[in-house]
Amino acid sequence: MKQITAVIKPFKQEEVRENLAACGVTGLTVTEVKGFGRQKGHTELYRGAEYVVDFLPKIKIEVVVNENDVDRCVEAIIKAAHTGKIGDGKIFITNVERVVRIRTGEEDQAAV
């Protein structure tokens, strides 16, 4: 099993969720996060005062899928989250050694 973690622009959340659902993903975790990459934030003007926004709002989506489904899910995320502008985000893929469903005690594939 693999965990796919995608950090994307907030307004792309629903489109990414829909694309993952179309790939057969039945559960995911969404977290509101802040961060920056190459864009290093930006400057804004508020009531005549200029200030720097170092951390930009992002959405982190985490899903656990079978190894066979990774490429399809990654492509679905890219298709939905891509704008072609800086700050589109990143996708991280990591190994999942064990999964346990708390309610039933099921493990691994049965727990996903």
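Which residue forms a salt bridge with Asp88, and how far apart are the closest N and O atoms? The partner is Lys9, with the closest N and O atoms 3.8 Å apart.

## Ground rules

This is a predicted model, where local features need pLDDT of at least 70, side-chain atom pairs count only at pLDDT 80 or more, and totals for chains, interfaces and linings use all residues. Residues are numbered from 1 along each chain as its sequence is written, and side-chain values use heavy atoms, with hydrogens and water left out.

## Salt bridges

A salt bridge here is a side-chain nitrogen of Lys or Arg within 4 Å of a carboxyl oxygen of Asp or Glu. By that rule the count comes to 6. In general terms, side chains of opposite charge can pair when their charged atoms come close.

Back to the opening pair: Asp88 forms a salt bridge with Lys9. This one links distant parts of the chain, 79 residues apart, with Asp88 in the loop between H2 and strand E6 (89-95) and Lys9 in the loop between E1 and H1. The labels come from DSSP runs, numbered from the N terminus: helices are H or I with at least four residues, strands are E with at least two. Both Asp88 and Lys9 are buried. Buried means under 20% relative accessible area, exposed means over 50%, and partly exposed is in between, using a 1.4 Å probe and protein chains only.

Two other bridges are worth a look. Glu15 pairs with Lys12, with closest N and O atoms 3.4 Å apart. Glu15 is partly exposed at 34% relative accessible area, while Lys12 is buried at 12%. Asp69 and Arg72 meet at 2.7 Å, N to O. Here Asp69 counts as partly exposed at 21% relative accessibility, and Arg72 counts as partly exposed too, at 40%.

## The nonpolar core

A nonpolar core is a set of buried Ala, Val, Leu, Ile, Met, Phe, Trp, Tyr and Cys residues joined through side-chain atoms within 4.5 Å. The largest one has 18 residues, and Ile4, Val16 and Leu20 have the most contacts inside it. Strand E1 (2-8), helix H1 (13-22), strand E5 (56-65) and helix H2 (70-81) each supply at least two of its residues. H2 gives the largest share, 7 residues.

So what does Ile4 touch, leaving aside its neighbours within four places in sequence? With contact meaning heavy atoms within 4.5 Å, the list is Ile61, Glu62, Val63, Val65, Val70, Cys73, Val74, Ile77, Ile91, Phe92 and Ile93.

## How H1 and H2 pack

The H1 and H2 axes come within 8 Å and cross at roughly 150°. Axes are lines fitted to C-alpha atoms, for helices over the stretch in contact, and angles run from 0 to 180 degrees between N-to-C directions.

On the H1 side, Glu15, Val16, Asn19 and Leu20 meet Cys73, Ala76, Ile77, Lys79, Ala80 and Ala81 in H2.

Glu67 sits in the loop between E5 and H2 and counts as exposed at 52% relative accessibility. Leaving aside its neighbours within four places in sequence, Glu67 is in contact with Met1 and Lys2.

Asp108 lies in the segment after E6. Its phi is near 50°, a positive value in a residue other than glycine. Asp108 is partly exposed, with a relative accessible area of 30%.
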